[in-house]
Amino acid sequence: MEFSYLVFGVNTLFILGSSFIIICWIRWMLKRFKRSPMASQVVHGTLTATIFEAKHLSHGGLPSLLRKVGGEVKELLHRDGHIGLYATIDIGIARIARTRVLSNEPTNPIWNETFHILCAYTSPSLVISVKKGLEISAHVVGRAKIPISEILSGKVIEGWYDLYNEDFSEQLKKAQIHARLQFKQVSEDPYWGSGIRDRDFPGVQHVYFKQRKGCRVNLYQNSHLSEHYRPRIELGHGEERALYRPPRLWEEVYQYIDGAKQFIYIAGWSVNTKITLVRDKERMIPGAEGVTLGELLKKKADQGVRVLVLIWEDRTAVELLRNQGLMQTHCDETFEYFKGTNVYCFQCPRNAHRSLSAFQTVEIAAEFTHHQKTVCLDARIHGSENREVVSFVGGIDLCDGRYDNEIHPLFSTLDTVCRDDFHQNNYKDTDLRHGGPREPWHDAHSKIQGSAAYDVVTNFTQRWTKQADPTLLLNLEDLPGLLPPATHFEGPETWNVQIFRSIDDASVIGFPANPSEAPELGLITIKDQVIDKSIQCAYIEAIRRAKDFIYIQNQYFFGSCASWDRDQDCECLHLIPIEIALKVVSKIRARERFAVYVLTPMWPEGIPEGDTVQAILHWFRNTARMMYKMIGEALREEGLDQEYRPTDYLNFFCVGNREVKLPGEYEPPERPEEGTDYWNAQIHRRTMIYVHAKLMIVDDEYIIIGSANLNQRSMDGARDTEIAQGCYQPEHINQQGRQARGEIFGYRMSLWYEHFANKNGGLRREYLHPESVECVRMVRRISEKIWESFVREETVEDLPGHLLPFPMEVLEDGSLQEGEDIVFPDTKASVQGHKIDVLPPILTT
């Protein structure tokens with residue numbers, strides 16, 4: 001079960017001991033004291049930077065505090081210090097680049113490293129530093145400062161820059177660094193604000209996997225949809241119109257696994273062998289009833305199919321916790337289930353890169369996970385004896401608690417499809433014996449056919465080869481009848497697909513041993529670590545291309561702390577929220593409509609009063625405050641504040657459900673303790689629907705969908721490992737006088753139908769133009785109406801829809817209503833959240 005998976009980090013620290021906490025706190029405090037506030041010059045665009053070399057360096061003694069702490073850390077961790085020189089580039093508080101570490105060139109290091117950096121920061125200057133690495137921090141050897149005004153000119157700036165001491169109070173004798181910089185404003189990008197624009201769009205550049213043409217894609221909402229879910233959504237134009245037919249994920253996963261003849265490769269955060277994929281008796285597949293995932297995989301392996309299962313190893317899965325681990329991924333249970341069978345199962349720890357310090361090694365292993373969720377296999381091509389590779393990518397784990405449909409029942413399925421799969425992690429001491437509400441689960445996934453499906457296999461084989469037995473992998477080129485990777489599908493309904501990742505070379509093979517070669521493969525370096533952070537790049541570039549609207553569903557939404565008005569030192573630096581805010585501001589200044597819809601959970605999974613959940617809510621509020629403030633200021637500066645409110649451009653929503661009691665409903669033999677959150681939720685017969693989806697739709701023509709959350713651990717590249725795809729249909733892009741009306745449009749409309757349209761007038765014409773103020777206000781009015789039914793004391797009817805406004809009041813000037821806090825229904829938990837001072841933010845960002 002997935003509590004907020006961040007709870008794992010907090011609890012693990014106590015298992016590892018107080019020394020780890022002290023070291024982590026010291027490291028965080030050192031960074032806090034070194035940073036200074038930003039000025040107001042905006043750097044929004046792409047910076048190409050090359051660090052060539054430095055000369056005449058002198059870096060003798062270290063500060064006494066660092067000497068003492070470093071010595072104690074080395075003694076504590078029984079590890080020699082990681083000493084060497086590297087260079088960094090900073091804009092404001094944001095570290096935007098690091099070179100590799102050079103250990104044998106103490107005075108004249110030569111790096112010759114180039115970086116392509118997406119920027120959205122404010123600062124008076126850019127700072128290049130040379131540092132000596134230590135176990136818990138670094139000693140600054142020298143720093144050079146370059147005014148932002150020079151960089152914003154767009155000219156190539158190259159030269160030898162004098163180095164100063166850490167606070168720039170003294171110039172270092174003869175010491176210099178050689179660098180070249182060139183900045184391109186975002187407005188100079190030919191795709192800025194223009195969408196995909198044409199069928200020859202090349203995809204995201206400077207990333208590991210290139211865009212693949214001629215693919216097929218299915219988009220799924222939830223793990224299942226009922227037989228009765230049939231929204232009428234017309235695709236295409238004129239005589240080419242067709243009805244959108246939403247597919248059903250777990251039914252298809254079962255059928256594809258059952259039909260595989262050569263290989264099945266599964267990678268998961270959690271894989272639970274006890275779940276059944278097909279449960280709906282109205283749509284039962286012959287032979288599937290009651291068959292567990294474990295039984296299905298063993299059957300295929302016994303038939304000669306190579307079945308490899310790669311699951312994240314939760315290192316807290318010890319006997320003390322009955323081998324479930326703090327995250328309850330059941331990794332040990334799954335491993336034991338397959339032991340001695342023809343299924344090869346490997347528990348994969350989140351290892352740290354060899355170049356990292358001892359502290360960072362412990363930190364990575366304790367705090368971060370393998371979060372990818374993929375299934376790759378071979379499948380028969382319809383109407384042919386040949387076979388193809390099919391890959392599933394998205395946010396849905398093959399584990400307990402994920403089975404749900406568009407109804408998101410709370411009580412009515414407790415003695416049927418959820419009898420053996422009761423999941424509720426938002427209240428204490430929950431189980432089936434004490435009754436509902438179960439935790440309803442909204443999620444998203446995708447299927448890929450064509451050459452991009454092979455890229456997903458490449459990701460799996462790179463990971464398996466790095467950490468498991470590579471001799472177990474099949475050479476797909478040798479498999480009879482399997483079409484080669486270059487195979488393209490033809491026709492107007494094909495897709496262009498590109499695979500993106502967050503991952504480093506501690507988890508995969510195939511990255512260059514020499515970090516200087518990384519940029520050629522679209523990779524970045526942090527010291528000697530080579531990182532693929534293309535998911536963040538893909539999100540940023542899609543936001544920059546956006547012309548009319550953005551629709552996001554994500555389990556978390558916070559970041560861009562460099563632009564917050566507080567807590568800027570929390571290191572949650574990814575750029576997605578600030579890029580969205582800057583996009584809205586640019587549209588306001590151009591007097592053009594634009595709308596952003598963000599759907600998140602009401603609170604992160606876990607006990608809502610708990611410190612971890614409250615900290616995440618605090619980061620979310622900081623993010624929303626920053627975004628709304630920017631929008632409010634832009635409206636005021638453009639004289640539009642009397643006509644529009646910030647919520648005419650940006651809205652945050654959540655989803656919930658409430659059910660009346662039905663005759664013959666399951667009656668639990670026991671009841672929750674009176675007065676608890678669990679008891680309140682049961683009495684009021686309501687709870688939030690947990691949003692676990694990770695997707696972004698832009699202008700109904702482009703979608704990113706995968707496993708990555710919109711937080712630092714998913715976007716960083718060196719924290720949680722993630723995978724996603726970005727895709728579009730070339731024949732269904734927005735063109736002059738012709739709106740995109742392909743599968744992405746159908747998927748977005750189907751999601752809206754599920755969340756609110758079904759019981760509120762159906763799919764209205766306003767929803768065809770999500771950017772319009774009429775649509776924005778209509779959606780918000782409907783959500784507010786549903787909220788009134790959700791929070792009233794009596795349960796008089798099933799909730800008329802699921803969409804709810806996130807309980808946060810935005811004032812006309814863009815500020816958030818502060819002061820008296822409100823709590824979530826049925827809880828004592830603050831909506832605003834609070835900051836945790838005891839533990840460093842890396843645990844919750």
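A search of the whole structure, a predicted model, finds zero disulfides, a disulfide being a pair of cysteine sulfur atoms within 2.5 Å. In general, such a link is a covalent bond between the sulfur atoms of two cysteines. Cys-331 is in no disulfide, and the nearest cysteine sulfur, that of Cys-345, is 9.0 Å away. Cys-331 is buried, with a relative accessible area of 1%. Here buried means under 20% relative accessible area, exposed means over 50%, and partly exposed lies in between (1.4 Å probe, protein chains only). The sulfur of Cys-561 is 3.9 Å from the closest cysteine sulfur, in Cys-570, which is too far for a bond. Cys-561 is also buried, at 0% relative accessibility.

Because the model is predicted, local features need pLDDT of at least 70 and side-chain atom pairs count only at pLDDT 80 or more, while totals for chains, interfaces and linings use all residues. Residues are numbered from 1 along each chain as its sequence is written, and side-chain values use heavy atoms, with hydrogens and water left out.

The chain has 16 helices and 30 strands. Helices (H or I, at least four residues) and strands (E, at least two) are DSSP runs, numbered from the N terminus. A compact globule of 845 residues would have a radius of gyration near 28 Å, and the chain, at 26 Å, agrees with this. That radius is taken over C-alpha atoms, and the globule rule is 2.2 Å times the number of residues to the power 0.38. The C-alpha trace spans about 85 × 70 × 60 Å along its principal axes. Buried residues make up 64% of the 845 residues. Among contacts between residues at least 6 apart in sequence, 77% join residues at least 24 apart. Contact means heavy atoms within 4.5 Å.

The interior comes next. In soluble globular proteins, nonpolar side chains tend to be buried together. A nonpolar core is a set of buried Ala, Val, Leu, Ile, Met, Phe, Trp, Tyr and Cys residues joined through side-chain atoms within 4.5 Å. The largest nonpolar core has 214 residues, of which Leu-47, Leu-126, Ile-177, Ile-550, Phe-652, Tyr-747 and Tyr-767 touch the most other members. Helix α12 (residues 611-637) gives the most to this core, with 14 residues. Apart from this core lies another, of 37 residues, among them Tyr-254, Ile-275, Ile-311 and Val-375.

Helix α6 (residues 293-302) has the buried residues Leu-293, Gly-294, Leu-296, Leu-297, Lys-300 and Ala-301. Seen down the axis of α6, these buried residues fall within an arc of 165°, so they line one face of the helix. The arc is that of the directions from the helix axis to the C-beta atoms. Their cover includes α5 (249-259), β12 (263-268), β13 (306-312), α7 (331-338) and β14 (343-348). Just after α6, Gly-304 takes a positive phi of about 100°.

Glu-722 lies in strand β29 (residues 722-728) and is buried, with a relative accessible area of 0%. Glu-722 and Lys-533 are 189 residues apart in sequence and 9.2 Å apart in space, C-alpha to C-alpha. Leaving aside neighbours within four places in sequence, the contacts of Glu-722 include His-371, Phe-500, Arg-501 and Ser-714. Arg-212, in strand β9 (residues 212-221), is partly exposed at 26% relative accessibility. The C-alpha atoms of Arg-212 and Val-497 are 285 residues apart along the chain but separated by 5.2 Å.

Backbone geometry was also examined. Most residues other than glycine have a negative phi, and most peptide bonds are trans. A cis peptide bond joins Gly-436 and Pro-437, with omega about 5°. Pro-437 is found in the loop between β16 (387-394) and β17 (441-442). Gln-682, in helix α13 (residues 677-684), is in contact with several residues, including Gly-436 and Pro-437. At 9% relative accessibility, Gln-682 is buried. Asp-429 lies in the loop between β16 and β17 and has a positive phi of about 60° although it is not a glycine. Asp-429 is exposed, at 69% relative accessibility. His-206, in the loop between β8 (171-185) and β9, has a positive phi near 60°. At 45% relative accessibility, His-206 is partly exposed.
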